[in-house]
Amino acid sequence: MRRTINLKKGLNMRLEGSLTATDVAATVMPDKIAIIPDDFPGFLPKPDVKEGDTVEPGSPLMHDKNDTDVRLVSPVAGTVESIVRGPRRKIERIVINCPDSKTAVSATGSAPEFNEQAIRTALKSSGLWAMMRRRPYDIIPMESDTPRDIFITAMDTAPLALNLEEMVKGMEAYLTKGVEALSKLTHGTIYICVASGSKLPDIKGAEMVELPMLHPAGNAGVQIANIAPVNKGEAVWTIDIVTLAKIGRLMTDGCVDYSVNVAITGSEVIDPKVIATVPGAPLASLTAGNVKADGRNHRIISGNVLTGIPVGEDGFLRYPYRQVTVIPEGDDADEFMGWASLSPSKMSESRSFLGKLFGRKFSPDARLQGGRRAMIMSGIYDDYIPMDIMPEYLIKAILAKDIDSMEALGIYEVAPEDFALAEYADPSKLELQRIVREGLDYLRSEV
């Protein structure tokens, strides 16, 4: 019998530009891709290739300096065009030319042996290990980890997000095999978190948990906090159900499917749709001919409007490779009364605004709508973070670098994405996700 978790805190943002269908509308195989190590917190990259090298799907591009078996791999066949470095020779991205690539499936031979060490080795060498996350710290799992539990999320509640269950329809055998493989890596429970009323069948070996489709219920941190919270000295792993299916395929057939389905969404998109492509694809190739020519400046985001990365037309698809959102930049807006306008088109969850009363969908732009100011202790964060923590005091403890207070206030449970909705509603305009990320990195370096 499935467990049901009822959450009342959160917010579903009503935005224009949602998907009208979940079927893949087109396949885009770009002539260039980029793999960016910053998308994988905790990964210290060292290149395994040099410019001019030829790579195949699954060929290692970088390995982790702390665990040389953990790799980021190429999803396509091609030639290494450049290794782009930033300050202090930090690797910013590896760019691969792949004009003739027609496939993103890497055949690695026979399936690995079904024991813990063989499974760990297979996940690391295939690049799937880097697709998992560890709590605390929200980083890729450590070599020394034996997770207390593993949480698999089968729901994405972010604005305009893809339906993850549709992406694994008909893959129940791979899901079961993936759960069986992960069960070799933990002595605890494997939880699969699905939306209320989900049609995904029960997966053998996992405990199914239903949560409401109320953002941020789709965040792994919220699921963990309401099912089995993380305590100091414990570690849990999190992955999404699409990655679970890839793990199951690796364990069954010995190959990895590196293709990804991406939702092209947002109010400035002409035809919101799902595109099949590969990780690191140029966003220009995914949005070509599908952005409104309305004379406005556009913000192109790899991800959703809350946690995504604004990369522009020249940017690349960033991990977790599931969504691209295009909204107005807002730098050309000419609005009566500016941020204080009561226009019905103004997006707000306050009942003081007409748009809220009309229940309409909104087309927000990227403006901050007010200046940054001192932190206002209003308790507003609590309305958007359904976790048993004190978020405002945790943010203050992080800013003060008070490790004891950070631990006492629940920093081991959180990730930056858990504060994204609170950041949207914050009257102080604080960069909460950046603050939490810096706090987690500081804590990991000191503890």
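I began with strand 21 (residues 323-328), which is mostly covered: six of its six residues are buried. Buried means under 20% relative accessible area, exposed means over 50%, and partly exposed lies in between (1.4 Å probe, protein chains only). I took helices (H or I, at least four residues) and strands (E, at least two) as DSSP runs, numbered from the N terminus.

I noted the ground rules next. This is a predicted model, where local features need pLDDT of at least 70, side-chain atom pairs count only at pLDDT 80 or more, and totals for chains, interfaces and linings use all residues. Residues are numbered from 1 along each chain as its sequence is written, and side-chain values use heavy atoms, with hydrogens and water left out.

**Entry: partners of strand 21**

I looked up what pairs with strand 21. Two strands pair if DSSP finds at least two bridges between them. Strand 17 (residues 260-265) runs parallel to strand 21, joined by three bridges. I found Gln323 of strand 21 as the bridge partner of Ala263. Strand 19 (residues 298-302) runs antiparallel to strand 21, with five bridges. There, Arg299 has Ile327 of strand 21 as its bridge partner.

I then read the loop between strand 20 (309-310) and strand 21, where Pro320 has its place. The peptide bond from Tyr319 to Pro320 is cis, with omega near 15°. Tyr321 lies in this loop too. Its phi is positive, about 60°, although Tyr321 is not a glycine. Is Tyr321 buried or exposed? It counts as buried, at 6% relative accessibility.

I looked up another cis bond. It joins Arg135 and Pro136, with omega about 5°. Pro136 is in the loop between strand 11 (133-135) and strand 12 (150-153).

I traced four strands that form an open sheet in the order 3-9-8-5, with antiparallel pairing. Strand 3 (32-35) and strand 5 (54-55) are the edge strands, each pairing on one side only. Strand 8 (residues 78-85) and strand 9 (residues 91-97) pair over six bridges, in the antiparallel sense. Ile83 stands opposite Ile94 of strand 9.

I checked the loop between strand 8 and strand 9, where Arg88 lies. Phi of Arg88 is near 60°, positive in a residue other than glycine. Arg88 counts as exposed, at 86% relative accessibility.

**Entry: helix 1 on helix 5**

Two packed helices are described by the angle between their axes and the distance between the axes. I looked up both for helix 1 (residues 116-126) and helix 5 (residues 241-253): the angle is about 115°, and the axes are 11 Å apart. Axes here are lines fitted to C-alpha atoms, for helices over the stretch in contact, and angles run from 0 to 180 degrees between N-to-C directions.

Which residues meet? Ile119, Ala122, Leu123 and Ser126 of helix 1 meet Ile247, Leu250 and Met251 of helix 5. Contact means heavy atoms within 4.5 Å. The residues of this contact divide into six nonpolar, one polar and no charged.

**Entry: Thr238**

I found Thr238 in strand 15 (residues 236-240). Thr238 is buried, at 7% relative accessibility. Leaving out residues up to four places away in sequence, Thr238 touches Met132, Arg133, Phe151, Ala220 and Ile224.

**Entry: cysteines**

How many disulfides are there? The count comes to zero, taking a disulfide as a pair of cysteine sulfur atoms within 2.5 Å. Cys98 is buried at 1% relative accessible area, and Cys255 counts as buried at 9%.

I listed the buried residues in helix 8 (residues 391-400): Pro391, Glu392, Leu394, Ile395, Ala397 and Ile398. They pack against helix 9 (403-408) and helix 11 (432-446). Lys401 follows helix 8, with a positive phi near 55°.

Arg373 lies in the loop between helix 7 (354-358) and helix 8. Arg373 is partly exposed, with a relative accessible area of 39%. Not counting residues up to four places away in sequence, Arg373 touches Pro427, Ser428, Lys429 and Leu430.

Key: Nonpolar A, V, L, I, M, F, W, Y, C, P; charged D, E, K, R; others polar.
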